[in-house]
Amino acid sequence: MRQSITLLGLFICLHCPAPSVGFQTTSLNQYKARRVTHRLPAASFDSSDSAPIKLPKQLKKKALTTFPRYLEIECWKRPELRGLEPVLQAVAEACKQINRIVQRAQTDDVYGVAVDVAGNPLEENVQGEVQQKLDVLCNTIMMQAFCGSSCNIHSVASEEDDEPRCCADVMNDSVFGQGEYIAVFDPIDGSKNIDASLPVGSIFGIYRTQPGKPVNADSFLQDGNSLVAAGYCLYSATTILVLTLGSGVDGFTLDPDVSRFLHTHQDIRIPSNGAIYSFNEANYNDFDEPVQKYLSALKHGSSSIKKRSTARYIGSMVADVHNVLINGGIYGYPRTLGNKEGKLRLLYESAPMAMIMEQAGGAGSTGSRRILDVKPKETHQRVPTFLGSIENVFELDQFYKYYSDEQVNGNTSEQL
Ligand code: AFP
């Protein structure tokens with residue numbers, strides 16, 4: 001009896017009309033009037049009165065290897081990587097600088113549109129975005145780290161620059177244009193998050209130049225299998241640098257007391273499956289059918305991953321992917337009706353992240369193939385991106401396969 005009353009209630013509730021203006025019992029003005037609008041007088045106290053915070057004695061430092069020492073050991077084990085040691089050291093220093101800039105964004109004058117020497121706003125970049133001061137600043141820091149730390153990087157391609165640049169041009173000295181590596185990076189990914197004090201990140205990848213061939217824009221059109229190193233730095237509750245040199249993934253947390261990256265995460269392995277799904281579901285109606293079906297399966301508990309799914313989306317790829325890397329699950333930025341190749345850039349976002357995922361035991365897919373197998377046709381090419389635990393990404397791929405087979409003549413899952 002009680003159960004049928006509950007069911008009846010549910011039925012009535014499901015069939016009751018959606019509230020409309022005419023249905024309202026409270027007017028908007030009444031509603032607004034209910035809010036607490038008074039302000040407390042501003043607290044006045046002299047900050048010099050406050051005693052310095054003392055940390056409890058039991059908070060002892062762990063004995064952890066520093067990033068420079070880690071690099072020294074790795075490059076000693078693999079001499080072919082020695083040329084990258086000064087470069088990666090400099091990149092870690094650049095991440096520290098970007099970390100400080102991000103933390104000062106609310107208090108220092110680093111906001112607003114970037115201007116040229118005459119004070120005119122810079123033109124839109126190739127992504128169609130007006131560059132912000134912060135983007136330009138972080139780009140310069142990264143570029144100088146890659147180009148100016150040694151003579152080992154020949155040229156760089158950044159999200160912020162329309163075309164790749166030779167390091168000789170960046171450093172204004174021909175000695176810097178001779179290295180055997182090229183680097184790609186996104187200096188500050190998700191920069192819109194900074195306004196709300198949310199996490200952002202930097203992403204990078206390093207390739208070899210092709211022997212016997214001149215280095216130019218085409219040298220960057222290599223698939224992700226050719227990456228020699230890839231990494232990202234997440235600026236969040238803690239700042240963490242995650243790196244792969246092609247034999248596993250390691251993480252280094254910035255100790256703010258000594259301003260050093262310390263080896264806190266050894267040989268990171270992503271769980272083989274996980275509960276997290278990290279998609280911008282506001283785009284659901286514009287996703288491919290296989291992605292829609294996949295997300296529905298997660299929500300209805302009919303996924304092969306026998307865990308209750310949980311949604312997490314910050315809107316900064318580095319933060320979202322790092323969460324999936326540590327806790328397991330899947331991150332996705334699929335193609336949409338308006339964005340046929342998705343939003344993320346293959347060369348300096350998706351490919352480095354896919355290398356990290358694979359090196360940690362996970363997977364990176366476009367829905368129909370490995371991200372690392374996609375050969376870019378241009379520097380700023382976009383690619384549908386799914387990254388995460390191997391079982392989760394495999395299942396997503398199966399949805400693509402199944403629904404593509406079903407619509408052999410359709411174009412929902414066209415091969416990249
Ligand atoms: P920005 O670098 O332009 O802020 O874009 C960040 C980003 O490329 C990536 O970090 C996020 O995962 C993604 O965009 C978020 O995009 P949506 O706002 O469309 O979900």
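Figure 1. The structure is a predicted model, in which local features need pLDDT of at least 70 and side-chain atom pairs count only at pLDDT 80 or more, while totals for chains, interfaces and linings use all residues. Residues are numbered from 1 along each chain as its sequence is written, and side-chain values use heavy atoms, with hydrogens and water left out.

Figure 2. A polar contact here is a pair of N or O atoms within 3.5 Å. An N or O atom in the side chain of Tyr331 is 2.8 Å from an oxygen atom of the ligand. For Gly190, a backbone N or O atom lies 3.0 Å from a ligand oxygen atom, and for Lys192 a side-chain N or O atom is 3.1 Å from one. The protein covers 86% of the 480 Å² of accessible area that the ligand has on its own (Shrake-Rupley method, 1.4 Å probe).

**Figure 3. The sheet of five strands.** This open sheet has the order β10-β9-β11-β13-β12, with mixed pairing. Strands are DSSP runs of E with at least two residues, helices are runs of H or I with at least four, and both are numbered from the N terminus; two strands pair if DSSP finds at least two bridges between them. β10 (310-311) and β12 (363-365) stand at the edges with a single partner strand each, so one side of each has no neighbour in the sheet. Strands β9 (residues 276-278) and β11 (residues 329-333) run parallel and are joined by three bridges. Within this pair, Tyr277 stands opposite Ile330 in β11.

**Figure 4. The disulfide.** One disulfide is found in the whole structure, the term being applied to cysteine sulfur atoms within 2.5 Å. Cys147 is joined to Cys167, with an S to S distance of 2.1 Å. Cys147 belongs to helix α5 (residues 133-148) and Cys167 to helix α6 (residues 167-171), 20 residues apart.

Technical notes. A polar contact is a pair of N or O atoms within 3.5 Å; within protein, one must be able to donate a hydrogen and the other to accept it, and residues adjacent in sequence count only if both atoms are side-chain atoms.
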